Every structure is written in structure tokens, then in C-alpha cells.
Amino acid sequence: MSSRTNGPDRAIRLLTLLARAAQHTPSALGTVTAVIGEAPGRLLPVAVAVAHSGAGPIDRAVADAVRASELSHAELVDLEQRIPYPTHALVHTAAAVTGRLLDLPEDEPLTHAKRLGDHGIRLSALGEWPAALAVDERAVAIVRGLFAEDPEPHAAELARHLSNLGVDLGRLGRHAEGLAVAREALDLVRGLAGEDFARHGHHLVDALRNLGVELSRETRWQEALAVDEEAVALARRLVAEQPEDHLARLARSLMTAGVDLTSLGRWDEALTVDEEAVAILRELVADDPDRHEAELAQALSHLGTDLHRLRRHEEALPAFAESVAIVRRLAAENPAAHDEDLPRGLVKLGSVLTELGRHEEALAADEEALRLTRPLAGQDPERHEPDLAHVLVCLAGDLSRLERDAEAVVRDEEAVAISRLLVARAPEAHRPQLARALLGLGVRAHRLRRWDASLAADEEAVDLLRAADRASPAHQPELAHALGNLAASLVSLERHEEALAATREQVRRYRRLRDDWPGVFDAELAAAESELRRRRARVGIEGPDPEIAAPRRPPATRPDPHQVG
């Protein structure tokens with residue numbers, strides 16, 4: 001053994017120096033693997049501690065050492081216990097350790113199923129969803145057999161493996177199967193928690209949250225919210241008893257409830273929930289960045305969305321920017337696990353940059369999002385085409401704002417084509433996306449003086465958004481906006497009476513939004529009322545209109561009625 005690794009302090013110093021060097025010199029990773037190989041049983045625990053401390057990106061090198069070294073069962077178990085969950089700094093090492101444990105001979109079926117489940121969790125963290133699904137299906141099959149023979153001692157283990165399986169299915173777009181599995185897991189664990197909450201309460205919270213996620217994916221927002229509110233209440237109970245063990249679980253439950261509230265148009269409540277989640281995760285990140293940074297990035301993204309919805313764009317910008325910065329760093333080290341998160345964050349960042357008039361920066365963000373999303377959609381269309389359609393709509397808007405309408409139309413047409421395919425597969429989930437794509441296409445057609453095409457796109461978009469509005473009030477602002485576009489298209493074809501009716505409805509809708517959200521929709525209402533006055537005058541109607549409030553200070557400038565969406 002080389003003297004350079006004699007003594008724990010010397011080993012820590014050497015591996016820390018190599019970890020820091022690896023930030024700038026990738027060849028240092030080979031040296032890390034070689035050094036660990038001199039005494040893997042002693043140096044792997046040191047390397048795990050150095051990686052977890054954030055000294056440098058040595059995860060892959062440590063994982064290579066795990067796979068190449070002769071390690072006993074006890075040494076592998078010790079390593080597994082040293083690696084936290086979740087982790088970013090050791091995600092490859094964790095999967096290597098659980099993979100090695102799985103390769104060891106094991107005659108006891110329940111132990112083998114547990115090893116399969118642990119390996120599935122670590123594969124999921126790597127973004128290797130198909131491999132995780134295969135492993136978790138094997139685990140469920142084993143434990144189902146044991147449960148069938150003797151239910152009572154195996155119910156908790158079956159519920160745990162079912163929960164993991166449901167997450168895998170949902171990640172792979174198999175939502176109906178994921179929902180059924182999540183319900184089965186919840187039914188099992190609810191009974192267990194009713195008998196012994198101290199032992200099974202955290203499993204119940206996780207099972208509820210998993211079910212809530214699947215219900216959300218099926219656009220069943222009210223059901224999802226009821227489930228997630230129960231998860232939050234139970235997580236608070238756990239935190240009151242053991243805060244250090246369950247704060248992260250509470251933050252996760254708050255985030256899923258926040259998604260439901262946002263989708264139901266209850267943006268102020270979502271903001272309160274997401275602010276609490278961010279506060280909790282900032283506290284946790286201060287103590288252990290490796291375990292909690294990825295979730296902080298997610299919570300910041302949700303918070304930015306809430307602020308954006310409430311027109312608080314200056315506050316939304318730093319939330320989105322911080323989220324993207326974290327995810328970009330995580331994706332550089334583990335692309336597969338964050339392949340969706342980075343482009344989605346970039347699109348959100350682009351949207352708020354647009355609202356702040358920073359159009360060139362918005363275009364750059366959305367162009368990067370498109371470069372990242374298109375290959376993913378090519379590999380797995382069902383999973384990634386919704387994101388691709390959304391990115392294309394946003395990018396088309398950016399191009400149009402920069403007077404590049406011919407390029408924008410190409411993006412619009414592709415977005416509409418993809419969105420139509422999505423609606424054919426799942427109408428309830430994707431009607432709003434098709435409506436947004438059509439609104440963008442209508443904007444570009446209008447700017448290019450293609451009046452008939454503009455009208456056709458706007459009429460279809462309004463019909464789609466009416467259907468979406470019946471399912472969730474979260475779409476009310478989009479419907480009001482679409483009515484303004486429809487009215488402008490009708491005016492261009494000299495159909496003034498129909499345009500007047502559309503504008504009246506737009507004013508009514510913005511008035512209700514203004515009443516529900518004081519201060520949020522004042523500008524939109526004022527612009528719509530201004531258009532209503534002009535259109536009344538155009539058809540020769542004089543006198544006050546009951547839809548128009550007493551004149552307030554008019555907007556400084558009259559915005560384009562056919563807004564760039």
C-alpha cells in the first residue's frame with residue numbers, strides 16, 4: 001500500500017485535493033479510482049464522505065472503484081448505509097453499491113426483494129426509468145407471492161414496493177397503470193398506519209403524495225388536492241413529533257399540493273404553500289446541500305410560477321433564475337436525471353423575461369430549451385412531445401416579438417401539429433396546449449394579414465379554452481385573452497357585431513377576474529374596456545354600456561388588441 005494513503009487524515013486530504021482538481025481536470029478522476037483501488041475497503045468510505053461534502057465531482061470515479069473492487073457483503077452494506085437518500089453527489093455510486101449487493105447470492109426472498117427495491121430507487125435517481133421499472137416489477141412479484149401466503153407480515157413491504165413501481169410507471173407515461181398501483185399501495189398502508197401511525201405514518205404520507213401526483217397527471221385536480229391536503233396534514237403531525245426526520249417530507253407534500261392549487265386557479269393559496277416549501281428546503285440545504293438542492297430547485301420553480309401567475313414578474317425572475325442555475329449544475333453531472341427539468345426551467349425563465357421586456361434574453365432561453373427538448377422527443381415522443389409543443393409556442397412568441405414572423409409561423413405550425421396528436425391521445429390533458437399553439441398561429445396569421453387563417457385559429461382556440469375552463473377555473477385568464485384575439489380577427493373581416501359580442505364577453509370575464517384577484521388584472525380589464533368603447537362606436541352604439549365601469553384613468557397606451565401570445 002502506498003504511503004500516500006496511510007492514515008485517515010492523509011487519505012481525506014488526498015481525495016479532497018483530487019476532487020477539487022476534478023472540477024477543472026477530468027483526468028484526475030482516473031487517479032481517484034486508482035487511489036481507492038489501493039485499499040478499497042478503507043478508502044471507499046472516505047471517498048463517499050469527500051464526495052458528499054461537495055469537494056468535487058468524483059461520483060463516477062467512486063462508482064467505478066465500487067464496481068472494480070473485491071468487497072465483502074459487510075463492506076457493501078456499510079457503504080450503502082453511508083450514502084444518503086436522496087443524493088446528487090453520489091447518485092452513480094449509490095446505484096453501483098446496490099447493484100453489487102443485488103449480485104450477491106441470497107436465498108431469503110424478502111431480503112432479495114428489498115435489495116431489488118433499493119436498487120430500483122437508485123436507478124430512478126439516475127433517470128434510468130425503464131431499468132428501475134424492470135427491477136421494481138421483480139420485487140413486487142416476489143412480495144406479492146409472500147403476501148398471498150401470509151398477508152400480515154408482508155403488507156408493509158408490498159406497499160413500499162408498489163409505491164416505487166407506481167412512480168416508475170408514472171415517469172414512463174403509463175399513468176393509468178401508475179394510478180391503479182398507487183391506489184393499491186395506499187389501501188395497504190392506510191390500514192397499517194391506522195394501527196400503528198408511529199411506525200407507518202411516513203409511508204402513508206408518501207403513498208398519499210404518490211397518488212396525488214398520478215391524479216394530477218390525469219388532470220383530476222380536485223381529487224388530487226384532497227389527497228395532497230391529507231398528506232400535508234399528516235406530514236405536519238410527523239414533523240411535530242420528529243422534525244429532523246420529516247421536514248423534507250412536509251416540503252414535498254406542500255409542493256404537490258401547490259401544483260393542485262395552481263391548476264385549480266387558486267394562485268394565492270399556492271403561493272403560500274410554495275413559500276413554506278422553499279423556506280423549509282432552504283433550511284435543509286444549509287445543513288446538507290447534496291440531499292436537498294434538487295428539491296429546492298423544484299420548489300423555487302413552483303414559487304416562480306405562482307408569482308408569475310399573480311403578475312409579480314420582478315419577484316418571479318430571481319426564483320426562476322436560481323432554480324435554473326441549480327438544475328444546470330446538477331444536469332452537468334447527471335444529465336439523464338434532469339433531462340426534463342432544465343428545459344422546463346428555461347422556458348419558465350423565458351416567459352418572465354418576456355413579461356419584463358427582455359426579449360432577446362427570452363429568445364436565448366427558449367432556443368436552448370428547444371435544443372435540449374427536441375432530441376428527448378425524438379427518443380421518447382409520448383413522454384416529451386408535450387414539452388416540445390410548449391417550447392415551440394414560446395419560441396414562436398419570442399421570434400414574433402422581434403419581428404421575425406416568418407420564422408415564428410414555422411414553429412407555430414409544428415406546435416399545432418404536435419398538439420393535435422396529443423389531443424387525439426388524451427383530450428382533457430392537452431386541449432389547453434393545443435389552444436395555446438393555435439393562439440400563437442392566429443397571432444402570426446393576423447400580423448401577416450391572413451385574416452381567414454387568423455379567425456379559424458382563434459375560433460378553435462376559444463372553443464378549446466371554453467372546454468378547459470369548464471374543467472378548471474385556472475384557464476379563465478387564457479380564455480379572456482383568447483376572446484380579445486378572436487374579436488380582433490373578426491374586426492379584420494368587417495364582422496363588427498360578432499367582434500363586439502366577443503369583446504363584451506372578454507370584459508365580463510376580466511371583471512370577474514379583477515374582482516377575484518384585486519390588482520392582478522386591472523391592466524387587462526382597462527384595455528378590454530377601451531376596446532369595447534371603440535367597437536361600440538364602430539357599430540354606432542352611443543351611451544353608456546353596462547359592461548363598462550365608470551371611466552378610470554385610461555391606460556397610457558392602447559395595446560395591440562391581437563396580442564402576441
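The legends below describe close-up views of a predicted model.

In this predicted model, local features need pLDDT of at least 70 and side-chain atom pairs count only at pLDDT 80 or more, while totals for chains, interfaces and linings use all residues. Residues are numbered from 1 along each chain as its sequence is written, and side-chain values use heavy atoms, with hydrogens and water left out.

**View 1. Helix α19 packs against helix α21.**
Helix α19 (residues 381-401) and helix α21 (residues 427-447) have axes 10 Å apart, at an angle of about 25°; helices here are DSSP runs (H or I, at least four residues) numbered from the N terminus, and axes are lines fitted to C-alpha atoms over the stretch in contact, with angles running from 0 to 180 degrees between N-to-C directions. The two helices α19 and α21 are therefore roughly parallel to each other, a term for angles under 35 degrees. α19 passes α21 in a left-handed crossing, meaning that the near helix is turned anticlockwise from the far one by less than a right angle, whereas clockwise would be right-handed. Residues of α19 including Pro-386, His-390 and Ser-400 meet residues of α21 that include His-430, Ala-437 and Arg-447, where contact means heavy atoms within 4.5 Å. The residues of this contact of α19 with α21 divide into five nonpolar, five polar and three charged (Ala, Val, Leu, Ile, Met, Phe, Trp, Tyr, Cys and Pro count as nonpolar, Asp, Glu, Lys and Arg as charged, and the others, Gly among them, as polar).

**View 2. Helix α17 also packs against α19.**
The axes of helix α17 (residues 341-355) and α19 come within 11 Å and cross at roughly 30°, and α17 and α19 are therefore roughly parallel to each other. Their crossing is left-handed. Arg-344, Val-347 and Thr-354 of α17 make the contact with Asp-387, His-390, Val-391, Cys-394, Asp-398 and Arg-401 of α19. By class, the contact of α17 with α19 holds three nonpolar, two polar and four charged residues.

**View 3. Helix α2 packs against α4.**
Helix α2 (residues 28-38) and α4 lie with their axes 8 Å apart, at an angle of about 35°, and α2 passes α4 in a right-handed crossing. From α2, Leu-29, Val-32, Thr-33 and Ile-36 make the contact, and from α4 Ala-61, Val-62, Asp-64 and Ala-65. The residues of the contact of α2 with α4 divide into six nonpolar, one polar and one charged.

**View 4. Two loops have backbone features of note.**
Tyr-85 and Pro-86 are joined by a cis peptide bond, with omega about -5°, and Pro-86 lies in the loop between α5 (73-82) and α6. In the loop between α15 and α16 lies Arg-311, a residue other than glycine whose phi is positive, near 65°. Most residues other than glycine have a negative phi, and most peptide bonds are trans.

Definitions and conventions
Angles under 35 degrees count as roughly parallel, over 145 as roughly antiparallel, 65 to 115 as roughly perpendicular and the rest as oblique.
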